[in-house]
Amino acid sequence: MHAFDFKVQIINVTKKKKKHLLSAFLCWKLNNMKTIIIEDEKPAAEKLQKAILNNHPGVEVAGVLNSIEAATLWLQHNPMPDLIFMDIELSDGLSFKIFEKVPITCPVIFTTAFDEYWQETFEHNSIDYLLKPIDINDIKEALTKYKNKELSISKDQIQNLHVFTNGKM
């Protein structure tokens, strides 16, 4: 489950406590995030994974996939991650083909050595476009952008929650 999907019902709490509970949930969610890396170049995948894990301790890399076929199979048989890092040019084609095979509902940070695809990425849940070689600061900024997006969406969802105080809505 990622922050787009959560539904919460808080029973018998004050509105002030509701705010504290939801803040705690958001902090927990953003520090317990699952991501996958789709990258066909092993050194690039290892570097990206190391940079993520060393600088963002709450992030779990649930899979490192090296092709359209491997990514499609993983996405068909596992829960949707919170975030995907996706190279564009893979050994078996452009990663945009994955979107034709599997509905991807989470945000994507695209990584590539080519600047020609940036416009197309925004048709596919893109929140950032990182050019290789990727600098550690680029990863930090992209993850900050992701977290800010999640907080923004979560705040909108908070407005739609039902709060029961002493059994009354």
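**Entry 1: a helix on the sheet**

I started with helix α3 (residues 68–77), which lies across β2, β3 and β4 and runs at about 130° to β3. I noted that axes are lines fitted to C-alpha atoms, for helices over the stretch in contact, with angles from 0 to 180 degrees between N-to-C directions. Helices (H or I, at least four residues) and strands (E, at least two) are DSSP runs, numbered from the N terminus.

This is a predicted model, where local features need pLDDT of at least 70 and side-chain atom pairs count only at pLDDT 80 or more, while totals for chains, interfaces and linings use all residues. Residues are numbered from 1 along each chain as its sequence is written, and side-chain values use heavy atoms, with hydrogens and water left out.

**Entry 2: the sheet**

I looked up the strand order and found an open sheet of 5 strands, β3-β2-β4-β7-β8, with parallel pairing. Two strands pair if DSSP finds at least two bridges between them. The edges are β3 (59–65) and β8 (126–131), each with a single partner strand, so one side of each has no neighbour in the sheet. On average, neighbouring strands here are turned by 20° against each other, direction ignored.

I then checked β2 (residues 33–38) and β3, which run parallel and are joined by 6 bridges. Lys34 has Glu60 in β3 as its bridge partner. Helix α2 (residues 42–55) also packs on the sheet, touching β2, β3 and β4 (83–87), and its direction makes about 170° with that of β3. Contact means heavy atoms within 4.5 Å.

**Entry 3: aromatic rings**

I searched the whole structure for aromatic pairs and got 2. Phe96 and Phe110 have ring centres 5.8 Å apart and planes at 50°, so this pair is tilted. The cut-offs I used: rings of Phe, Tyr and Trp (its six-membered ring) pair if their centres lie within 6.5 Å; planes under 30 degrees apart are stacked, over 60 edge-to-face, and the rest tilted. Phe96 is in helix α4 (residues 96–101) and Phe110 in strand β7 (residues 108–112), 14 residues apart.

Phe99 and Phe110 form a tilted pair too, at 6.3 Å centre to centre and 35° between the planes. Phe99 is in helix α4, 11 residues from Phe110 in strand β7. Ring pairs link Phe96, Phe99 and Phe110 into a cluster.

Buried means under 20% relative accessible area, exposed over 50%, and partly exposed in between (1.4 Å probe, protein chains only).

**Entry 4: the whole chain**

I counted 6 helices and 9 strands in the protein chain. Of its 169 residues, 43% count as buried.
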